[in-house]
Amino acid sequence: MKKPVYLDNQATTPLDPRVLDVMMSYFTEKFGNPHSATHQYGWEGEAALDISRGQVANVIDAKAEEIIFTSGATEANNMAIKGAMQVWAKKRPEIITLNTEHKCVLESAKACEHFGAKLTVLPVEKNGLLDLIKLEKAISDQTALVSIMAVNNEIGVIQPLKEIGEVIKKAGALFHTDAAQAFGKIPLDVTEMQIDLLSISGHKIYGPKGVGALFKRKHHSVTLCRFMDGGAQEGGERSGTQAPALVAGLGKAAEIASNEMLEEDARMRAMMTRFNAAIRNSIDNIIVNGDEGARIPGNLNIGFLGVDNEMLLASLRGLALSSGSACASGTTGPSHVLEAITPQESLENMASIRVGIGRFTTDEELDYAADAIIQAVNKLRV
């Protein structure tokens, strides 16, 4: 068993060997620029984009031409939020989001205030889920865009996207979701859920880093202001030479995730249930952060009352896990997500860790992790 045991699959996932196999030829013999339309090298690059566009679209029941390749979910979120609000800010200036969104969504939404947008940040309930009544009360004919994450990256809760979509459409607003943690892990149907814009990332689904995509519904109301000009790639939505190797990897990763979704869900659900039981049977005063039912099985964020966070992480050197988002790991203090759902008195006296299992996590590794956590917590509480 390799140590440290990797349990940080919400931060990033290892590249699936099947994905690497597809990518390799585009680094070597198929190295052409996809916009070189006069010879075979360019045609091969363009074909890689076309194949991957279809593979990504199939996962969310979209059309291939509705997929725009980006450098990742952060760029896709920026494109969706800033792009939509720059178009709509004068007619419908409000953007609504949640206080537990990823930092790139919160910061993008806040940046829209510079060109006249009004930002409304709704609180979530103590289980991390949105109260639909609060959304219904907040949304109006002044709301242009609502951005709500499908699956939270820190606590793993799944928002009721279909019900949210119904509220948003009734008000005539656009619906954007950051689906980086949901894509390929839970069923997503952009038509049924009435989603207009959806962001994904390759490295969250055992694909390469540096590539992602934005789904943009083909409809006259879903118009984005471009913020990258140049050669009019990606249907004019995002200029810049595409990377066929990365895009091909994203497409293959999406295809594998879709095909193996049910099998992976069942396996990880069984593993995490056993792990959770082992922890609960040996440690008292535990809090599961986020709803225990509406969550993906690969994420368990647990708090241990009466334990110091830094001391706990220092005691778990044999485990690669985290206490929050990797994107905010340089900040001090508790996670903004945990602050939103945890009473202050509990937050000051609690160590929280995020256990993120994935496709390549083994039973042996998870048993080792449970034993290590049990020993560390009980020792720190003495």
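About 190 Å³ of space lies in the largest cavity of this predicted model, where a cavity is a set of points on a 1 Å grid over the protein atoms alone at which a 1.4 Å probe fits but cannot get out. The volume is the space filled by probe spheres set on those points, which are joined across faces, edges and corners. Eighteen residues line this cavity, and the closest to its centre are Gly184, Lys185, Tyr206, Glu264 and Met268; lining means having an atom within 4 Å of a point. By class, the lining has eight nonpolar, six polar and four charged residues, with Gly counted as polar and Tyr and Met as nonpolar. Searching the whole structure turns up four cavities of 30 Å³ or more.

A quick word on conventions. Residues are numbered from 1 along each chain as its sequence is written, and side-chain values use heavy atoms, with hydrogens and water left out. Because the model is predicted, local features need pLDDT of at least 70 and side-chain atom pairs count only at pLDDT 80 or more, while totals for chains, interfaces and linings use all residues.

Helices are DSSP H or I runs of at least four residues, contact means heavy atoms within 4.5 Å, and angles run from 0 to 180 degrees between N-to-C directions of axes fitted to C-alpha atoms, for helices over the stretch in contact.

The other open sheet to look at has three strands in the order β9-β10-β12, with antiparallel pairing. Its edge strands are β9 (286–288) and β12 (350–356). Three bridges join β9 to β10 (residues 299–305), and isoleucine 286 stands opposite phenylalanine 304 in β10. Helix α7 (residues 244–282) lies across β9, β10 and β12, at about 5 degrees to β10.

Conventions. On a 1 Å grid over the protein atoms alone, a cavity is a set of points where a 1.4 Å probe fits but cannot get out, and a pocket is an open set with protein on both sides within 12 Å along at least five of seven lines; lining residues have an atom within 4 Å of a point. Two strands pair if DSSP finds at least two bridges between them. Helices (H or I, at least four residues) and strands (E, at least two) are DSSP runs, numbered from the N terminus.
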